[in-house]
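Please have your viewer open and follow along.

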Amino acid sequence: MATFSVGFLGCKVSQTDAQELRERLAADGHVESAGETDVAVVNTCCVTHEAVRKSRQAVRRAARGAGRVYVTGCAANLRGGALDGLPANVLVVRRTSAAAQDMVAGDVGAIGCVNAEVGLDRVRAFVKVQDGCSFSCSFCVIPDVRGASRSRSAAAVLAEIRRRVAQGHREVVLTGINLGCYRDRAAGYDLPRLIREAGAISGLARLRLSSIEVNHLTDELVDAMVETPGVSRHLHVPLQSGDDHVLEAMGRRYTVETYLRRVARADGFNITTDVIVGFPTEDRTAFENTLRTVRAAGITAVHVFPYSPRPGTKTAGEDPVAPSEKKRRSARLREAAAAACRRHWGSKIGRADLVLVDRPGRGYGDDYSPWLLDAPVGSLVRARGCSVNGEGIVGVAA
Ligand code: SF4
């Protein structure tokens, strides 16, 4: 038996990988601890230069409190020595997530044997259905570190969701690096069919998608989401840029017109997005186009990524936009989204919504808007919006 901690940085897929490893180590009889441990695992992120810097920082911190540290995830697979020079008790595991889990679990078992940043959330569970990406956006290092797209079988995904529900989880979030690529060809499943069948699982109160590329936001997908009870009316659709020239240079394979048309088709959904600011070809006019697109799409939250060149990508050697300008553009985008968000929350006043309470006094509505509400954790409550404050919609049971 060993004591362990597992931490993660980055996206929902990284969180899901960390959650899976925690559960596997616990199932093997090891004990999770928040103090000094025999073993710490840090599942890292490399989406930006800053993400790699924070990953290194987390590894160094973990190395001070654990006998041995395993570094897994995207930054561990990054080319170019980003994780060189770490303390002697650190092992960088350069493998895909499944192979890394096998290796760490085997090693920790042999030892006989963070600071636990991942709370095993009893209301919400993340279920990974797909990993990797077979596209080649010019800025993105993910295909290099995670490999080509591959999907789990539908039977395995549906069995895991049933298991999560039996464990007491009320909400499941389907995650993937490029979720819309989900296919179980042998069994005849794509993402819309998976959603319909997952949503029909008895006891599951809410089903949500982590993120979907706009080219996968098809009529079939929207219909499946609308027609399946319990599916959240929230879509996180990466925009990356709202300028056609920049989109082309990014290799994104859609235009602004396509993005706006497809998002408009998802009428009544709360739309959030990712945007890269300061991409090498983004001049001031292109940035103004992005701002206009974010407003036109009614986007209520933007995860802004200041561009940083990633090793091995097509734009690895280019970074002409000054950091101060990236900061200014980031702030303007966040302001635009915050204004749309306030309007969106305000539209809930006097109206009813189904709120899933996931923490004391807080929960999320049907479209993933935050609500402040007094009800037992894990309950699904019909609530009416009374007012809005800086944290969400203040509601009472309707
Ligand atoms: S779709 Fe593009 S940005 Fe997204 S993971 Fe694949 S290559 Fe990267």
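## A loop residue and its backbone

R253 sits in the loop between α8 and α9 (256–265); helices (H or I, at least four residues) and strands (E, at least two) are DSSP runs, numbered from the N terminus. Although R253 is not a glycine, its phi is positive, at about 65°. R253 counts as exposed, at 52% relative accessibility; the classes here are buried under 20% relative accessible area, exposed over 50%, and partly exposed in between (1.4 Å probe, protein chains only).

Q240 also has a positive phi, about 70°, and is not a glycine. Its place is the loop between β13 (234–236) and α8 (244–250). Is Q240 buried or exposed? At 9% relative accessibility, Q240 counts as buried.

## About the model

This is a predicted model, in which local features need pLDDT of at least 70 and side-chain atom pairs count only at pLDDT 80 or more, while totals for chains, interfaces and linings use all residues. Residues are numbered from 1 along each chain as its sequence is written, and side-chain values use heavy atoms, with hydrogens and water left out.

## Around the ligand

Which residues surround the ligand? The shell consists of C133, F135, C137, F139, C140, I142, P143, I177, N178, E213 and R252, where a residue is near a molecule or strand if one of its heavy atoms lies within 4 Å of it. By class, the shell divides into 8 nonpolar, 1 polar and 2 charged residues. For that count, Ala, Val, Leu, Ile, Met, Phe, Trp, Tyr, Cys and Pro are nonpolar, Asp, Glu, Lys and Arg are charged, and the others, Gly among them, are polar.

C140, one of the shell residues, is partly exposed, with a relative accessible area of 26%.

## The second largest pocket

Rolling a probe the size of a water molecule over the atoms shows where empty space is left. The second largest pocket has a volume of about 300 Å³. Of the 16 residues that line this pocket, E20, S97, A98, K128 and R152 are the closest to its centre. The search runs on a 1 Å grid over the protein atoms alone: a cavity is a set of points where a 1.4 Å probe fits but cannot get out, a pocket is an open set with protein on both sides within 12 Å along at least five of seven lines, and lining residues have an atom within 4 Å of a point. Grid points are joined across faces, edges and corners, and a volume is the space filled by probe spheres set on the points.

The lining of the second largest pocket has 9 charged, 5 polar and 2 nonpolar residues. At least two lining residues come from each of α1 (12–27), α3 (97–111), β7 (130–131), β8 (150–151) and α5 (154–166).

## Salt bridges

How many salt bridges does a search of the whole structure find? There are 32, a salt bridge being a side-chain nitrogen of Lys or Arg within 4 Å of a carboxyl oxygen of Asp or Glu. One of them pairs R164 with E23, whose closest N and O atoms are 2.8 Å apart; R164 is buried, with a relative accessible area of 1%. Another joins R150 and D131 (3.9 Å, N to O). This pair links distant parts of the chain, with R150 in strand β8 and D131 in strand β7, 19 residues apart. R150 is partly exposed at 34% relative accessible area, whereas D131 is buried at 5%.

E171 and R208 form a salt bridge too, at 2.6 Å from N to O. Here E171 belongs to strand β9 (residues 171–175) and R208 to strand β12 (residues 206–209), 37 residues apart. Both ends count as buried: E171 at 2% relative accessibility and R208 at 3%. Salt bridges with shared partners also join D17, K128, D131, R146 and R150 into one network.

## Cysteines

The structure holds 0 disulfides, a disulfide being a pair of cysteine sulfur atoms within 2.5 Å. C341 counts as buried, at 15% relative accessibility.

C74 lies in the loop between β4 (66–73) and β5 (90–92) and is buried, at 8% relative accessibility.
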